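Take a look at the structure below.

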Amino acid sequence: MEEDSLKVIIRTFATLREIFGGTGVLYLELPEGSTIEDLLRELRKQYGSKLDVGRLVGENPNVKILVNGREITYLDGLGTRLRDGDSVAFIPPVAGG
Amino acid sequence: MEIQSPSYHRSLADKLNLSSEELERYDRQLRLLGFGVESQLKLKRSRVLVVGVGGLGSVATLYLASAGVGLLRMVDYGDVELSNLNRQILYTMIDLGRPKVESAAKHLQKLNPEIKIEAIRERLTEENVEELLSGVDLVVDCLDNFRTRFILNDACVEHGKPLIHGAIYGAEGRLMTIIPGKGPCLRCLIPREPAEHDKIPVLGPLPGIVGALEALEAIKVITGLGEPAIGKLIVIDGMDLSFYTIEIRRNPDCPVCRKIKIEEG
């Protein structure tokens, strides 16, 4: 890994997991100093049409975005800074019973 | 905490009208530290509404009936179908085509004849929700869609009824205990009305796990034991067996619960 980059692990859940396939776990390398907004931009670049952006981006408050288990609303929102080794989760609501 | 002797339970039970059969039936939970006859009586006096007797409701009602809630009111419109049987463990082949609430009531009454059971074969709507809620102390959400959940949430918040929320998808589960005025409601958690999905994937044990957790939360709220998951969304990933606890706060702009006086703490 280059010195000026960071690697994060992304876990996706429920309907989002179906978009990414498999176990829904992705690894992403980003430049140092990247935020959640940068991560979302990178995901859009990589997964493009496969990804229903409206469901994932911070615009949709139903999808909880967590960094190391904390919801970003209670951190710095989309501006939350990422560090090497961080775990990011995208959790949409579910309705089955 | 002091562990009470069986004779202590016996004398208190006599005073409080618990039968010998009831003492024997509930013996193992009466032995739980801090539970005792007082908690059993709280359960006996409680009136619980379970909305939906599918995958979640099958298991939640089994545990609530066996724990000894005084009144178990169930509401569901559906009939038992073959595709239900991978997860809806209240039913067997003999129940195919029969109304779920009727089969459920028969089975649960056989399990525990001490409790009162009401089976209501209706769809919960804005029109009947108040009537369904009337006289109950606690509500368990075992529904299978967002729209009805929001109707139930809004009515529970308005009437100050505790609501245990559970939901599943595939091999995942969600759980949150909603106490109006004490923590966030379902609309704080899910501010927008999401798209509904029909015939979602479900691995049978998941609604079992979440339904059992819902019954556990209901018992805790009724008896006052332990710490219910208020303001905590429990996310279960059955695929790698991870349990996540996510802090959820009240949304100050929540159109439903912002009107309720806050008693944080």
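Buried means under 20% relative accessible area, exposed means over 50%, and partly exposed is in between (1.4 Å probe, protein chains only). This is a predicted model, where local features need pLDDT of at least 70, side-chain atom pairs count only at pLDDT 80 or more, and totals for chains, interfaces and linings use all residues. Residues are numbered from 1 along each chain as its sequence is written, chains are lettered from A and ligands numbered from 1 in the order in which they are written, and side-chain values use heavy atoms, leaving out hydrogens and water.

**Rings**

Rings of Phe, Tyr and Trp (its six-membered ring) pair if their centres lie within 6.5 Å; planes under 30 degrees apart count as stacked, over 60 as edge-to-face and the rest as tilted. The count over all chains is one aromatic pair. Phe13(A) and Tyr244(B) form an edge-to-face pair, because their ring centres are 5.6 Å apart and their planes stand at 85 degrees. The pair crosses between chains. Phe13(A) is in the loop between strand 1 (5–12) and helix 1 (14–20) of chain A, while Tyr244(B) is in strand 8 (residues 242–247) of chain B. Helices (H or I, at least four residues) and strands (E, at least two) are DSSP runs, numbered from the N terminus.

Charges also meet rings here. A charge sits over a ring if NZ of Lys or CZ of Arg is within 6 Å of the ring centre and within 35 degrees of the ring normal. The charged end of Arg17(A) sits over the ring of Phe13(A), 5.3 Å from its centre. For Arg121(B) the ring is that of Tyr77(B), with a distance of 5.5 Å to the centre.

| Residue | Relative accessible area | Class |
|---|---|---|
| Phe13(A) | 1% | buried |
| Tyr244(B) | 22% | partly exposed |
| Asn145(B) | 17% | buried |
| Cys142(B) | 3% | buried |
| Cys254(B) | 0% | buried |

**Asn145(B)**

Where does Asn145(B) lie? Its place is the loop between strand 4 (138–141) and helix 8 (146–159) of chain B. Leaving aside neighbours within four places in sequence, Asn145(B) is in contact (heavy atoms within 4.5 Å) with Ala95(A) and Glu196(B).

**Cysteines**

A disulfide is a covalent bond between the sulfur atoms of two cysteines. Here the test is a pair of cysteine sulfur atoms within 2.5 Å. Over all chains, the structure holds zero disulfides. The sulfur of Cys142(B) is too far for a bond, because the closest cysteine sulfur, in Cys156(B), is 12 Å away. Cys254(B) is in no disulfide either; its nearest cysteine sulfur, that of Cys185(B), is 3.7 Å away.
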